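Welcome, and please open your viewer. We will go through this structure stop by stop, and at each one you will hear what to select and what is there.

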Amino acid sequence: MLRLEARPQPSAAMSIASPLIALALTAVIAGCLFTVLGKDPVRGLGMFFYEPLSTVRGVTEVALKATPLILCALGLAVCYRANVWNIGAEGQFLLGAIVGGGVALYVTTHGIAAPRWALTPVILLAGVAGGMAWASITAFARDRFNANEILVSLMLVYVAQQLLNYLVFGPWKDPQGFNFPQTKTFAAEALLPNLVPQSRLHIGFAIALVLVAVFWAFMFRSWRGFQLQVGGLAPGAARYAGFSARAALWTALLVSGGMAGLAGAMEAAGPLRQLTPHVSTGYGFTAIIVCFVGRLHPLGCLFAGVLLSMLVIGGELSQSRLGLPNALTGVFQGLLLFLLLACDTLINYRVRWRGALHRPAVTS
Amino acid sequence: MPAAGQGGTPRLALSGIRKAYPAVVANDGIDLAVLPGEIHAVLGENGAGKSTLMKIIYGVVKPDAGEIRWEGRPVVIPNPHAARALGIGMVFQHFSLFDTLTAAQNVWLGLDRALPLAEVERSIRAKAAEYGVEVDPERPVHTLSVGERQRVEIVRALLSEPRLLILDEPTSVLTPQAVEKLFVTLRLLAERGCSILYISHKLDEIRALCHSCTVLRAGRVTGVVDPRTVTSADLSRLMIGAEPPRLQHREVERGAVALEARGLSLERQDEFGVTLESIDLEVHAGEVVGIAGVSGNGQQELLAALSGEDRRAAPGSILLFGNDVARESPGRRRRRGLHYVPEERLGRGAVPTLGLAHNVLLTRREPVRAGGWLDLGRMTAMTQRIIERFNVRAGGPAAAARSLSGGNLQKYIVGREIDAQPGVLIVAQPTWGVDVGASAQIRAELLALRDAGCAVLVVSEELDELLEITDRLHVIARGRLSPPMATAAATPERIGQWMSGLWVGEGAVHAPA
């Protein structure tokens, strides 16, 4: 019989191996699933792990979808390390899209002739501000009324979606849009510069890469980042040291809100070029998975963001080429997170065979 | 005296027990025999291998070699469950209680049979009354002080009617009277045939209580003696190879008031807290002031108010070098020179999962460069300095705090605060669960700090310690603080009386100014 035995020290190797084992198990189960669905498992897995990376266009699409995931996950990693459970990155993302997109729309409708190099930062910063403002509602409710941040941040996601719906069905609707719920297409100056010509990949991906380094430095080399993490690891030690729990709460929520907002603004002024009710395809929620698969580490978030982006694109490909439901992506995401949590047990425990090693308690 | 020295089959007999870890041989050829009804002491410094040996007996650790015989039969104890099935009970030094549950619920969790909770509460009360241990089964554990938690653990072990009870440093948090009560309990248990393994570093207690004593040093047995017939010096020589250095009490010129509480009153924060009532306290530069008392009488609340973790104190009620700091954060008070060593080391004085070098940052700002960036080199250098100066046995500056033994972690935390050259140092339970060698070292460091002109406030439940290192003593009882008495004029009897709150009307025994 299998038995779990506590390790004297958490295994460092396992903490890196665990996501890889989880990924391998996900692939195995996915293969079985394809077989059951009557598809060639090799071809099916290829849709997820080979096809998306087989062409330049594919690679740029993976990077494009990975960008909001990485950005949201970076912010969430700070939050979770500080023991602040913000699960409303989706709502903060939407507010970033609304405010950033709102600026882009204003520029478009008022015909403001500003150069792109000046507009891009304004739009992105507006997105950051929008996300921060939305997250600060959660922070305030927690700080002032001790309201549970998990519930407040989650419920604000639906409020944000309704706000977006109101705007695109109402005041911001494109008059020439045949009554579709969408804004005007943004003017060219209000769009993000491209990173790779002939692709949809914008400079947001480069910004995300830079931010990975910035967040690494913040988490592991800054005094503020240290204080945040102590608050998460040992609240008693944080009180003893005099690190303010309020400051940690506000910092964590503003940082993660800002990052989600940035991602939202990039999405609006990047590939979408307008606001519709469907600005997000659940990036803020998927980022939670990215964050944990990435071990709450900025570099891990980068890799996990790319991986989850491949799953999303693979799901779309298997829909169009194999005729499988797109819900497959959700299934795989769920499997991956579930298996990761299961594999994480191996960090603190090792598996032993019972019986082979131990004799019964009393002999003679 | 029962059993001790009598013939017959030992209840527990170990022979040739060996356990090697990658870095160290924790136990090397250990023999130990405990007779039925015998109170057997295991004496040794931290790192001598006592804990490993007890974990082997309790089935937590598997020995590499050697034999365990239980009532004559060779046994293998693969896990604590098997140990309990044999009739071995253990009270750990580090408690395994869930904070959010009540005492009774915690006990309930460990029971095999499905009993109603009310039944468990009833049997706890009965057991507690039988052995004179005060436990309120309905209180949540997080509201209990360390001493109170220990009592829950003792009662929990007693409930299983053990035939061998292992106690790891059980008296460190009890008043002299409570220690006497515990000894009555233990003697009663022994008379009824229960064997007791008593792990301690308190030589006097071992000599007063135990029938036999096995002394360990560096993983080996250095002697098996009858503690009733040998002197403390003999025991101590067996344990550390030399007598501990006597502390030098030097007459010191008392300086100005450094830390002062003026009529400090503080309403309790929950129903199990203690309300502080009009506390007056003065700690001068160059003196050590002690606060004695049984845990749960307001020590936690007073320490929280003095350190700045609780900032509800009325303005003007706490003065630090003449400045009103009642509402200042711990960080601000630290910048004014007030450093604090808390009672709980893991999770409060240090972050368990972080390395020692990072734990320096909890109370020290030197490695934080302008702009808020951490100077890792400086952190490592500072930690290395603390490790060397205070003789901390650790795997290096990167070693996680939780990988250190209790005594070594305490040396590190005390060292970290002393290294900051504080103007006022508050220390709670400086040597709780710390072995003789490290305790002597920590006390000597506190006295050296006093001689250097620091004001030291020691809150401890170990009376011997307070009598040894303090210049003046207060007693705290039910949230009120007694007037000070000169330690030279203090006797355990008077302090014991004051611990019951009976100083009113006695007339303060004032220390010479």
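**First stop: a hairpin in chain B**

Select S4(B) and S5(B): these strands form a hairpin with two residues between them, and in the turn Glu71(B) has a positive phi of about 50°. Strands here are DSSP E runs of at least two residues, helices are DSSP H or I runs of at least four residues, and both are numbered from the N terminus.

Before going further, note that this is a predicted model, in which local features need pLDDT of at least 70, side-chain atom pairs count only at pLDDT 80 or more, and totals for chains, interfaces and linings use all residues. Residues are numbered from 1 along each chain as its sequence is written, while chains are lettered from A and ligands numbered from 1 in the order in which they are written.

S4(B) and S5(B) run antiparallel and are joined by three bridges. Two strands count as paired if DSSP finds at least two bridges between them. Click on Ile68(B) and you will find Val75(B) of S5(B) standing opposite.

**Second stop: the four-stranded sheet**

Which order do the strands of this open sheet have? In chain B the order is S2-S1-S4-S5, and the pairing is antiparallel. Strand S2 (25-34) and S5 of chain B are at the edges with a single partner strand each, so one side of each has no neighbour in the sheet. On average, neighbouring strands of this sheet are turned by 25° against each other, direction ignored.

Now walk across the sheet:

- Select strand S1 (residues 12-20) of chain B with S2(B): six bridges join this antiparallel pair. Lys19(B) has Asn27(B) in S2(B) as its bridge partner.

Then show helix H1 (residues 50-57) of chain B, which lies across S1 and S2 of chain B and runs at about 120° to S1(B). For such angles, axes are lines fitted to C-alpha atoms, for helices over the stretch in contact, and the angles run from 0 to 180 degrees between N-to-C directions.

Thr214(B) is found opposite Val224(B) in S10(B).

**Fourth stop: where the chains meet**

How many residues of chain B are in contact with chain A? There are 31, and they touch 20 residues of chain A. Contact means that the C-beta atoms of two residues, placed from the backbone, lie within 7 Å. On the chain B side, strand S5 (73-75), helix H2 (80-86) and helix H10 (330-335) each supply at least two residues. This side of chain B divides into 18 nonpolar, eight polar and five charged residues. Ala, Val, Leu, Ile, Met, Phe, Trp, Tyr, Cys and Pro count as nonpolar, Asp, Glu, Lys and Arg as charged, and the others, Gly among them, as polar.

Select helix H8 (residues 223-233) and helix H10 (residues 245-272) of chain A, whose axes come within 10 Å and cross at roughly 105°. That angle makes H8(A) roughly perpendicular to H10(A), a label used for 65 to 115 degrees, with angles under 35 called roughly parallel, over 145 roughly antiparallel and the rest oblique. Show the side chains: Arg224(A), Gln227(A), Leu228(A) and Gly231(A) in H8(A) meet Ala245(A), Ala248(A), Thr251(A) and Ala252(A) in H10(A).

**Last stop: zoom out**

Chain A has 14 helices and two strands, and its C-alpha trace spans about 95 × 60 × 30 Å along the principal axes. Chain B has 16 helices and 21 strands.
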